[in-house]
Amino acid sequence: MGEKLINAVANHSELYDASCYFYRDRNKKDLAWRHISEEIGQPEDMCRKKWKSLRDTYNEEKRTEKENRSGSAAGSGRRWKFSAIMRFLDPFLTPRETSCNMVGTVENILPEDQGQPEEAAGESQSEEPTDPAAEPSPVACPGSPVPGPSAPAAAPTGPQRRTAPRRTRDGPSAVELAILESLKRPRQSPTEHFLLGLVPALESMPPQTREFVKFLIQKLVYENSTATISDNCDEKNKVDGNLANTRRAVEDKTCASDFELSVTIETSNTYESERHKIKEHRLDQEHMLMNASESELDKENTTASNRRLKRKAVDEDPGLHTSVKKLNPLGPVVADRLHTQCKEEQDHIPIIKINSVCSMASPAPSPQGCSGSTSTMASTPELKIGQKLNEGKTKQIFELVDQPGLVLVQSKDQITAGNAVRKDQMEGKAAIANKTTSCVFQLLQESGIKTAFVKQHSDTAFIAAHCQMIPIEWVCRRVATGSFLKRNPGVKEGYRFSPLKMEMFFKDDANNDPQWSEEQLLEAKLCVAGLTIGQCEVDIMSRSTVAIFEIVEKAWATQNCTLVDMKIEFGVSVKSGEIVLADVIDSDSWRLWPAGDRSQQKDKQVYRELKEVTPEAMQMVKRNFEWVCERVKLLLEPQASSRVVLLMGSTSDVAHCEKIRKACASYGIPCVLRVTSAHKGPDQTLRIKAEYEGDGIPTVFVAVAGRSNGLGPVMSGNTAYPVISCPPLTPDWGPQHVWSSLRMPSGLGCSTVLSPEACAQFAAQILGLRDHLVWCKLRASMLNTWVSLKLADKKFQACSL
């Protein structure tokens, strides 16, 4: 076990190399020990103890070897059997002073002994004998800041070692200077000692837990240092009473339809009078942002009678530690409010008279009108909402009366797990999920994937094509984890699937969504919107699932995130009768590991693994969803600009170049057209080449020249950028012209492509290596070509029958 353990530890530098990036990461070390335990087949705690024993033994062996080299009595001459394979630790041994009172006595130890308290406990101190002739360290005299010499030692008896003459010192030693410096420093108070004592414990916590603990400490300090104003209580209670009456009035004003309502807001005399009374008490709101919970606490300062006092903001709902993310645009009453801390995604309700209410986001009424609102239906045209077509665990589907063939997909502030066995409200989730879905569908649509998505309508809803859903969940996996490990025992977590692993699950909550095979799906003969699901449809959905996963995976890779797996659903468009990607794709639909590290997962799996659902835990889940929502917008941005430069031998080649430029535009690649001749003006050709090489933008040169093609070879011989020859063919001398592009001198790598469309595709394949958006368009183009062939074959078979 010893040799296997040493070889296993040597492969994990984070266990012994202090310069390693993950040396201070406790999670990485635990994961390393878990891998070592699995590799050698021994319990993890036994591996740790055995390694500690081996490390200490090697440390002692090195110390003994050093003594023998320095002239001490020779040992037995036998070396420890593991000395040779343990030599990889030599660069990481660091000197440390021992606990004896002799100056300069050091011992070689690993950095881990200094930085890891759980493994350093119980380690033996150095027993290296000190030289009797060495000068003892000076000891400070009581009551004097200047250290004095130590008492002379008794004369030794028996044989004595010859000692060197004692040197005279010119000044105080380094130890004495350090003692003097420590005496000059001011003493720390007990409070400082207490706070410094918390540092090791905080550093050992995971980042999210550490930030949350710091937030709680700051919150306690804030609450205990804030005075509550006792005067003006009557005025505050009066304002709060009017607010409560207004809320009750809003709740009583319900409409016949949940979503076909209007708001008419009239400012009442009560509002004017209250506004006049409290106008003198404008509040300076200051939001205190906490990294762990992303919550803000209002610090309100009220000026009354030439004095400023702080008023504590009281959260009416102690279960949620959220804050006001936006202000009500209806007037200054929000700035004048004296008491309340609203929940996230909810506006403050002023003292107003409300005749009716309109809400598209949730059953809770909104204080603003649909026309001038900046909340759920901000800056969006009014829709005529019809009946509710369907309602799931996290969304509702409504028909649009004035837009046949389209529906409104409305998200809900609800998160579920285990087929709704666990179900909780998460304030703001509807807006987060809607924004995430809209960005993902926009990425797929711009790539060329057919989806039901039309456009985002509001913060919490988007418009989509009306589809009848196929009751199959298609799951595509890149990394083995989750339920796959339970169904396939023996497969280790982290196993990478190449090609991708495909699975199908029939949507049946009562039976916990059983897994189906392709044969089961074909035998079911599902009929959706008049379309019978046969082999052709199954192949199209399977092939599309792989392409969609690869596109989203490629996009997330630009953010250094690993797309582990993803669930998608398809539907049949009621209007066109074709299969399209439908439903939603958000943080409920995938597993996402930043930097490929499972401990940093940013998906719903965090919610699934909660042992207890607490407000703090829900805030952590919400922060993960917000993290994804902020970064998903970056998937739509190109990582690097690129271009194609078309060089034509004469203006007669413009028509041929326009075909290439049009094909490049379909991949989102800009084209530049230039006219130059390598035969008639080689200096100008090289000058143009240098012009586009100088700005560092990835460029593909395309040479369009017939007859004797010298443009492509000259460019290829003078640039490191890729060069493609695409000669325009003529019916008379076309084959002969091609030979001038194909027969290249040695040392040139100029390729020849005859079709303008194929030339643009080749350039896109080159530039797509750095620009994920170009790559995604290429991948979608491949899928669409395959699907068109599949549908053509199905149609031809139907005609033959």
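A search of the whole structure, which is a predicted model, finds seven cavities of 30 Å³ or more.

Q: How much space lies in the largest cavity?
A: The largest cavity holds about 70 Å³ of space.

Q: Which residues line the largest cavity?
A: Its lining is made up of Thr394, Lys395, Ser411, Lys429, Ala433, Asn434, Thr437, Phe462, Val584 and Asp586.

Q: And where does the largest share of that lining come from?
A: Helix α12, which covers residues 429–447, supplies the largest share, with four residues.

Q: What is the lining like by class?
A: Three of the lining residues of the largest cavity are nonpolar, four are polar and three are charged.

Q: Turning to helix α22, which of its residues are buried?
A: The buried residues in α22 are Pro756, Cys759, Ala760, Ala763, Ala764 and Leu767. Seen down the axis of α22, these buried residues fall within an arc of 140°, so they line one face of the helix.

Q: How far apart are the end C-alpha atoms of α22, and what span should its residues give?
A: The end C-alpha atoms of helix α22 (residues 756–767) are 17 Å apart. At 1.5 Å a residue, its 12 residues should span 16 Å, and the two values agree.

Q: Now helix α20: which residues are buried there?
A: In helix α20, which runs over residues 711–718, Leu711, Gly712, Pro713, Met715 and Ser716 are buried.

Q: And what covers them?
A: The buried residues of α20 have a cover that includes β26, α19 (682–693), β28 and β29.

Q: What is the phi of asparagine 512?
A: Asparagine 512 has a positive phi of about 60°, although it is not a glycine. Asparagine 512 sits in the loop between β19 and β20 (515–516).

Q: What about the phi of aspartate 513?
A: Aspartate 513 is also a residue other than glycine with a positive phi, here near 50°. Aspartate 513 is found in the loop between β19 and β20.

Q: Buried or exposed: what is asparagine 512, and what is aspartate 513?
A: Asparagine 512 is exposed, with a relative accessible area of 55%. Aspartate 513, at 14% relative accessibility, counts as buried.

Q: A change of topic: where is serine 544, and why does it count as buried?
A: Serine 544 lies in helix α15, residues 535–557. Serine 544 counts as buried because its relative accessibility is 9%, and buried means under 20%.

Q: What is serine 544 in contact with?
A: Leaving aside neighbours within four places in sequence, serine 544 is in contact with Phe570 and Leu783.

Q: Finally, where does serine 37 lie, and what does it touch?
A: Serine 37 belongs to helix α2, residues 26–40, and is buried, with a relative accessible area of 13%. Not counting residues up to four places away in sequence, serine 37 touches Gln42, Pro43, Glu44 and Cys47.

Terms used: Residues numbered from 1 in each chain as written. Predicted model: local features only at pLDDT ≥ 70, side-chain atom pairs only at ≥ 80, totals over all residues. Heavy atoms only, no water. 1 Å grid on protein atoms, 1.4 Å probe; cavity = no way out; pocket = protein on both sides within 12 Å on 5 of 7 lines; lining within 4 Å. Points joined across faces, edges and corners; volume = space filled by probe spheres on them. Helix = DSSP H or I, 4+ residues; strand = E, 2+ residues; numbered from the N terminus. Nonpolar A, V, L, I, M, F, W, Y, C, P; charged D, E, K, R; others polar. Expected span 1.5 Å × (residues − 1). Buried < 20%, exposed > 50% of the residue type's maximum accessible area, 1.4 Å probe, protein only. Arc of directions from axis to C-beta. Contact = heavy atoms within 4.5 Å.
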